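Good morning, and thank you for making time for this presentation. I will ask you to keep the sequence and the model in view while I speak.

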Amino acid sequence: MKSHLHTLGYRFLTRTLTGADNGESHLPGLTRRGFLVATASLSSCSMLSSDKNEPALTATTPTGPADPVKTPSNRAYRTPPVQGPVPRNPDMNLRADFSKSAGVTFTRVPVAGKYIALTFDDGPHPQNTPRLLDILRARNVKATFYVIGRSVDLYPGVVRRTVAEGHEIGNHTYTHRLLSKLGDAEVRQEMARTRDAIARAAGVQPRTMRPPYGGLLQRQRELVHAEFNYPTILWSVDPLDWKRPGPSVVTSRILSNTTAGGIVLAHDLHSQTVDAMPATIDGLLRQGYRFVTVSQLLAMKVETATAQAAVETPGQ
Ligand SMILES: [Zn+2]
């Protein structure tokens with residue numbers, strides 16, 4: 001059973017990456033578990049690679065896809081107050097309304113201060129994402145989740161909780177295909193279906209996008225920016241956590257490579273990544289970093305010279 005599902009997931013990966021079909025016809029036949037296996041194989045945002053040794057995910061019931069839970073639009077949403085004082089990471093009533101003219105693509109953002117954005121891709125996952133949310137909540141840390149639209153439709157409750165706890169949701173496409181191989185109509189469809197799934201699940205609109213594998217042509221980035229108002233968000237820190245190097249390696253890679261204004265890439269699809277987060281976040285807090293969402297980081301953008309001066313001024 002396991003190997004059959006893994007094969008199914010890998011076949012899905014292969015067909016997806018080679019563009020051997022239109023990418024849609026095989027999806028209805030995938031079981032919920034099969035899709036999880038497929039997305040586990042696909043979870044290498046940072047690199048085009050098929051990790052054939054990736055084990056299948058466990059602990060999901062092999063039932064059919066659940067109907068998306070429909071909720072009314074939540075236009076009056078406000079981030080709830082933080083729970084208890086956390087001196088190094090206080091509640092930050094920071095604006096998140098970044099300007100459309102701020103830019104089309106970001107790998108990091110010049111800011112005046114030790115602010116960083118933690119980002120988690122390829123969820124929601126029914127077990128690992130809630131576990132991560134517990135870890136974040138215990139530290140008052142806010143993150144940004146680049147979710148796969150199809151998984152949002154499978155686990156809308158996880159997305160609702162993520163939003164309710166003050167995190168930001170970004171658009172990571174509906175089927176996790178390599179967008180640079182797709183036509184404009186398919187790119188629009190990937191964006192729109194995911195946007196609508198997020199709105200159905202949690203009543204919010206994503207404000208930024210991250211392309212799977214980082215693969216998006218400049219022309220496509222401009223299209224997505226013009227039509228959806230999404231800047232393309234890449235990353236400055238990549239611990240390669242999807243290769244499952246072990247939690248301590250994930251932690252040390254992030255701690256040694258993060259700098260102010262950085263965008264850290266990780267994947268809440270993988271349990272090892274979640275295992276790495278307590279030590280990672282505590283280590284970053286000890287280094288003096290403060291966590292903001294991607295939109296907040298973009299809204300803090302300053303001219304590069306100003307950011308450099310702030311970093312060089314001790315006692316900031
Ligand atoms: Zn991804």
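I begin with Met277, which lies in helix α9; helices (H or I, at least four residues) and strands (E, at least two) are DSSP runs, numbered from the N terminus. This is a predicted model, in which local features need pLDDT of at least 70 and side-chain atom pairs count only at pLDDT 80 or more, while totals for chains, interfaces and linings use all residues. Residues are numbered from 1 along each chain as its sequence is written, and side-chain values use heavy atoms, with hydrogens and water left out.

Is Met277 buried or exposed? Met277 counts as buried because its relative accessibility is 0%; buried means under 20% relative accessible area, exposed over 50%, and partly exposed in between, with a 1.4 Å probe and protein chains only. Setting aside residues up to four places away in sequence, Met277 touches Phe120, Leu132, Ile135, Ile254, Ala266 and Asp282, where contact means heavy atoms within 4.5 Å.

In soluble globular proteins, nonpolar side chains tend to be buried together.

For the protein overall, there are eleven helices and seven strands. Buried residues account for 53% of the 316 residues. Among contacts between residues at least 6 apart in sequence, 82% join residues at least 24 apart.

Next, consider His167, in the loop between α5 and β4 (168-171). His167 counts as buried because its relative accessibility is 6%. Which backbone atom does the side chain of His167 reach? That atom is the backbone nitrogen of Ala143, at 3.0 Å. Beyond its neighbours within four places in sequence, the contacts of His167 include Leu133, Leu136, Val141 and Phe145.

I close with the charged pairs. How many salt bridges does a search of the whole structure find? The search finds 14, a salt bridge being a side-chain nitrogen of Lys or Arg within 4 Å of a carboxyl oxygen of Asp or Glu.

Asp134 pairs with Arg137, with the closest N and O atoms 3.8 Å apart. Both residues lie in helix α3, three residues apart, about one turn of the helix. Asp134 is partly exposed, at 39% relative accessible area.

In another salt bridge, Arg200 and Asp153 bring their closest N and O atoms to 2.9 Å. This pair links distant parts of the chain, 47 residues apart, with Arg200 in helix α6 and Asp153 in helix α4 (residues 149-154). Arg200 is partly exposed, at 29% relative accessibility, whereas Asp153 counts as buried, at 11%.

How values were computed:
Polar contact = N/O pair within 3.5 Å; in protein donor to acceptor, adjacent residues only side chain to side chain.
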